[in-house]
Amino acid sequence: MTTLTSDLSLTENITTIIRPPYFYISGFTGIPHMKYYYVFLSLVYIISLMGNTFIMIVIYVDQSLHSPKYIAVLNLAFTDICETTALVPKVLDMFLFGRQFISYDQCLTNLFFVFVFLTMQSFNLTILSYDRLVAICCPLRYHMLVSHRSMFQLTGAAWAFAVFIILILVGFITRLSFCGSVVINSYFCDHYPLFSLAAPCSDVLPNDVMSYLDPVVVLYIPMVFIIASYVCIIHALFTITLPKDRAMKTCTSHLILVAIFYLPINITYIFSSFIPTNIRIINLSLTSVLPPMLNPIIYVLKTEEFKESSKRLLKRVSCTRSLVPWKFLALNSLNFTK
């Protein structure tokens, strides 16, 4: 399928812009038994969906978790659900059922949503880092600097900026002409493999600039801020009289989330020219689905406050279920006596 090219007789020619009716997502090439990997992705997706839904329910039900910090946690869980839903079902549909052709409009839509939610995952981790920074370094000013209103403003601004920057990314794609191959060497409509197809007949310099600028804005700047914030946190723990064990426990879960999100994706982007295509695709696909699956597990196991809230909710649900049969028995006995 690598010889697929855009058929000029089927293209939509609008002011000399050639848009193919479809693209072909190549996915993995030359690797046997890949269906088992896609089944694995589907299991990871189900666990991620259930875990993040559980996180959202616990935060919504438990009044003690209605704090500014958990607005960001709720937003992270929601973003994880959206990101995996935008990616995994389409990947399974393409590669398990052999529907690897995707229309031009569907391709750009897929690119937009996957990148928006990926961007928001990074921004959410940055917001949580800011919350920990203020809580530990400026505890007396925490409720003034981190309020419900300020947290809603931060998350709202993050969503707006994520949509804005990805719209620019997609907008530059729409000005390109695709007169050569229509085979995208990735597992979804990835940005760089997509605009590279237009290089023979279009000026892809703006797209190339965005391909370097987007990781800087979305990954590197947030990561530098998170590292700097934890340098300040560590300094504060050694210079200010604080309960160190409790402070470190509140940061441990966030540090684990940061590590499993940023390390694999940054390694892939930095060494992309040296990594074979199949390894790059496997690494990026795992980076997209594993953090959303692990986030709920880490929060339940590592955050004492959330663990207690989860126990209370599960106990309440189990008590409710155990009372239901007795209610039916009581109603039946009343009807019988009547």
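# Notebook: cysteines, strands and cavities

Entry 1: I looked up Cys201 and found it partly exposed, with a relative accessible area of 31%. My scale for this calls a residue buried under 20% relative accessible area, exposed over 50% and partly exposed in between, using a 1.4 Å probe and protein chains only. A note to myself: this is a predicted model, where local features need pLDDT of at least 70, side-chain atom pairs count only at pLDDT 80 or more, and totals for chains, interfaces and linings use all residues. I number residues from 1 along each chain as its sequence is written, and side-chain values use heavy atoms, with hydrogens and water left out.

**Entry 2: the partner of Cys201.** To which cysteine is Cys201 joined by a disulfide? I found that Cys179 is the partner, with an S to S distance of 2.3 Å. I count a disulfide when two cysteine sulfur atoms lie within 2.5 Å. The pair connects distant parts of the chain, 22 residues apart: Cys179 is in the loop between helix H5 (148-174) and E5, while Cys201 is in the loop between H6 and helix H7 (205-239). My helices (H or I, at least four residues) and strands (E, at least two) are DSSP runs, numbered from the N terminus. I read -135° about the S-S bond, and the link of Cys179 and Cys201 is left-handed. Cys179 is partly exposed because its relative accessibility is 31%.

**Entry 3: the other link.** I checked the total, and the structure holds two disulfides. Cys107 and Cys189 form one of them, with their sulfur atoms 2.0 Å apart. This pair also joins distant parts of the chain, 82 residues apart: Cys107 sits in helix H3 (residues 104-137) and Cys189 in the loop between E5 and helix H6 (191-196). The link of Cys107 and Cys189 is left-handed, at -125° about the S-S bond. Are these two cysteines buried or exposed? Both Cys107 and Cys189 are buried. Counting bonded cysteines along the chain, I get the pattern 1-3, 2-4. A reminder for later: a disulfide is a covalent bond between the sulfur atoms of two cysteines.

Entry 4: I noted Cys232 as partly exposed because its relative accessible area is 39%. I also looked at Cys82, which is buried because its relative accessible area is 16%.

**Entry 5: the strands.** I followed strand E3 (residues 22-25), which runs antiparallel to strand E4 (residues 101-103) and is joined to E4 by three bridges. Two strands pair if DSSP finds at least two bridges between them. Phe23 faces Ile102 in E4. In which sense does E3 pair with strand E5 (residues 183-184)? I found a parallel pairing over two bridges, and Ile25 stands opposite Ile184 in E5.

**Entry 6: Ser103.** I stayed in strand E4 to look at Ser103. Ser103 counts as partly exposed because its relative accessibility is 26%. Leaving out residues up to four places away in sequence, Ser103 touches Pro21 and Tyr22, where contact means heavy atoms within 4.5 Å. Ser103 and Tyr22 are 81 residues apart along the chain, yet 4.0 Å separates their C-alpha atoms.

**Entry 7: Ser48.** I then moved to helix H1 (residues 34-61), where Ser48 is found. Ser48 is buried because its relative accessibility is 0%. Which residues does Ser48 contact beyond its neighbours within four places in sequence? I listed Thr84, Pro292 and Met293.

**Entry 8: a record and two spans.** I opened the UniProt entry, which is unreviewed and lists "transmembrane region" for several spans, including residues 112-130 and 151-173. Its positions are given in the numbering used here, its feature names are shortened, and its annotations may be inferred rather than shown by experiment. In the model, residues 112-130 are 100% helix and 0% strand, with end C-alpha atoms 27 Å apart. Residues 151-173 are also 100% helix and 0% strand, and their end C-alpha atoms lie 33 Å apart.

Entry 9: I searched for cavities and found five of 30 Å³ or more. On a 1 Å grid over the protein atoms alone, a cavity is a set of points where a 1.4 Å probe fits but cannot get out, and lining residues have an atom within 4 Å of a point. The largest cavity has a volume of about 120 Å³, a volume being the space filled by probe spheres set on the points, which are joined across faces, edges and corners. Of the 13 residues lining the largest cavity, Leu118, Tyr187, Phe188, Leu284 and Ser288 are the closest to its centre. Helix H2 (68-96), H3, helix H8 (244-270) and helix H9 (277-302) each give at least two residues to this lining.

Note on methods: On a 1 Å grid over the protein atoms alone, a cavity is a set of points where a 1.4 Å probe fits but cannot get out, and a pocket is an open set with protein on both sides within 12 Å along at least five of seven lines; lining residues have an atom within 4 Å of a point.
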